[in-house]
Amino acid sequence: MSERPLRILVAKPGLDGHDRGAKIIARALRDAGFEVIYTGLHQTPEMIVESALQEDVDAIGLSILSGAHLTLFPAILDRMKARGLDDVVVFGGGIIPEDDIPKLAELGVHGIFRPGATTEEIVQWVRENVRPHAS
Amino acid sequence: MTKREWLQKNYPTKERLGRFSTVSDMEVDPIYMPDDLPPATEIGEPGEYPFTRGPYPTMYRTKLWSMRQFAGFGSPEDTNKRFKYLLSHGQTGLSTAFDMPTLMGYDADHPRALGEVGREGVSVSTLEDMERLFDGIPLDEVTTSMTVNCSASAILAMYFAVAEKQGVPLERVGGTIQNDMLKEFIAQREWISPPEPSVRIVADMIEYTWKHAPRWHAVSISGYHIREAGSTAVQELAFTLADGIGYVEACVKRGLDVDSFAPRLSFFFDVHNDFFEEVAKLRAARRLWARIMRERFGAKKAESLRLRMHAQTAGVSLTAQQPMNNVVRVTVQALAAILGGVQSLHTNSMDETLALPSEEAVMVALRTQQILAEESGVANTIDPLAGSYAVEALTNKIEREAVAYIERIDEMGGIIVAIEQGYPQKEISEAAYRFQRAFDRGDKVMVGANRYQVPEERPIPTLKIDPEMEKKQADRVRAWKKARNGSEARAATLRVREACESGDNVMPPILTAVKKGVTVGEISDVFRQTFGEYRDPAWV
């Protein structure tokens, strides 16, 4: 049986409207052969987790440039736990200071991509770190 | 020698690149020659139609551009301190950055504001916040620019109320509020209601300030965000002027004489790395707008035809890697802005891909402008690049390509229809993706990011936002709501709703409402309830 393509939710938590990065990543992941769902802007943690459930995704990519990552990422991860999404991988990118990367890793966000990352790096990371979850 | 003859003489030859193009991927010729020049009337004189050489005859020999650093973070007191710091170091105008909740019309105590209060700008929910923000700053002497859009009506009302408290009559209050909703749907993407009612409120504000605050610019028609979202220089110019056409049409439709309000329209452009492309874009902007106003709208006054602009160096061009290099990028971009003839300029700080700027970084950015103004000599000659074969040829090319976009938008039925169909949004996404692929391949170079990287970098100190501040701001809003006269506030809110529904100008009731204690979030709620909420169509 051939492995099904990975399903990835690209999400924009919070109020910031900077969606250039999110849209580029969504497109690059799609071009790399993954199935990509983009949430659009201004999503609450609840909305993101509900989309992840409905779309049955293997990973969530969060894009945030507002500086609210230390509030919104934990809120999303808590809610994922509550809804049983333990095997969904979370990665992210945006204006995220170096000092915050270990804090996010502790929460379980291991792939953080900062300005200057190439789409190839991100695609490669997804290939290496995301597996189709059992459904 | 003609260009053709010169090319025949020297080409084909081996060149160091397969293709030479701008950061916007516009191909440039190896050389420009006298036969590239347009007729002399296209270039004209500074301060005269078609204003290619500048909006004013004597330009920087009379008055330098305003040095206006965009600033805002944390509580109103934090930002007030930064304002005073900038003014004390020779800055000549203020420019206010608001936080995301303020920009989206949520008060600091709203659940959606959680984690975002004071992060990307200053938090303002109440009249008291606005008073603290401008405490000790005389609003008749300093002009202020405020970057806020869907909640602009409430913010402007609060600013006017603070001026009134300072005893400054509205006729003497000068400044600019961004208030460009069309580009929000295209690029910056902070909104409350759909395009139609959003544009109606913009027109209400244009009409109100024209009548009551004649030194105020009620809209700053902005290409900056369009460019930052990934557009080309031509798209930036075309979509910005198309938005301008949209506002002029809305005002004319309600019976305003074009020569009444047009002199108060102002513009805001990005200035990216590609030096000549940027100079040419700013010159083309003035010429094309002058033509549009005269030919399309029949404007007669010179003030209606002359495009005046603020510019900001390109945030997207900066790198998180080796951030000191950003000082050099900003210098080149600022020079292009000055040679392009801007009236006001913000230079980005070197640390802006990492965090909001630190005091030290802002100082270098301001000093960059001062060095260009007072040491380099570039401001001593009026429009020194005029007549350059390359600059004039690129100016023509950019104008021509922008006209083609505007014609396409006209064919679709105007900018609102084009936005509803996602046309400018998709064009920009395409351009952004093309650039990213070129960057990934190394065809487009960002020094330090995809070429000349260093393995270990020494981090630079960045600004930290106090996490306690959010709670303090939220508590203040709650206390404010408790302390005000509730029935007066409710009645004033109702008047705002009635104006929204009846089509009366919303500004008078909003002014009354903010004085009665109604908050930015509450006025935005009225818009949500009466006009509905706009949702991101999430086109990729």
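Start by selecting strand 3 of chain B, residues 94-97, in this predicted model. Both of its faces are covered. Colour L94(B) and T96(B) on one side, then S95(B) and A97(B) on the other: all four are buried. The split into two sides follows a simple pattern, because side chains in a regular strand alternate between the two faces of the sheet.

To find a bridge partner, click on A71(B), which pairs with T96(B) in strand 3.

Now move along chain B to helix 15 (residues 325-339) and helix 16 (residues 359-374). Their axes come within 10 Å and cross at roughly 45°, so the two helices are oblique to each other. Show the side chains where they meet: helix 15 of chain B brings V327(B), V330(B), T331(B), A334(B), L335(B) and I338(B), while helix 16 of chain B brings V364(B), A365(B), T368(B), Q369(B) and L372(B). Eight of these contact residues are nonpolar, three are polar and none is charged. Turn the view to follow the crossing of helix 15 past helix 16 of chain B, which is right-handed.

For the last stop, bring both chains into view. Here 30 residues of chain A are in contact with 32 residues of chain B. On the chain A side, select helix 1 (20-31), helix 3 (69-82) and helix 5 (119-129), each of which supplies at least two residues. Helix 1 of chain A gives the largest share, five residues. Colour this side of chain A by residue type to see ten nonpolar, twelve polar and eight charged residues.

Methods
Residues numbered from 1 in each chain as written. Chains lettered and ligands numbered in written order. Predicted model: local features only at pLDDT ≥ 70, side-chain atom pairs only at ≥ 80, totals over all residues. Axes fitted to C-alpha atoms, helices over the stretch in contact; angles between N-to-C directions. Parallel < 35°, antiparallel > 145°, perpendicular 65-115°, else oblique. Left-handed = near helix turned anticlockwise from the far one by under 90°. Contact = placed C-beta atoms within 7 Å. Nonpolar A, V, L, I, M, F, W, Y, C, P; charged D, E, K, R; others polar. Buried ≥ 20, exposed ≤ 12 C-beta atoms within 10 Å, placed from the backbone. Pairing = 2+ DSSP bridges.
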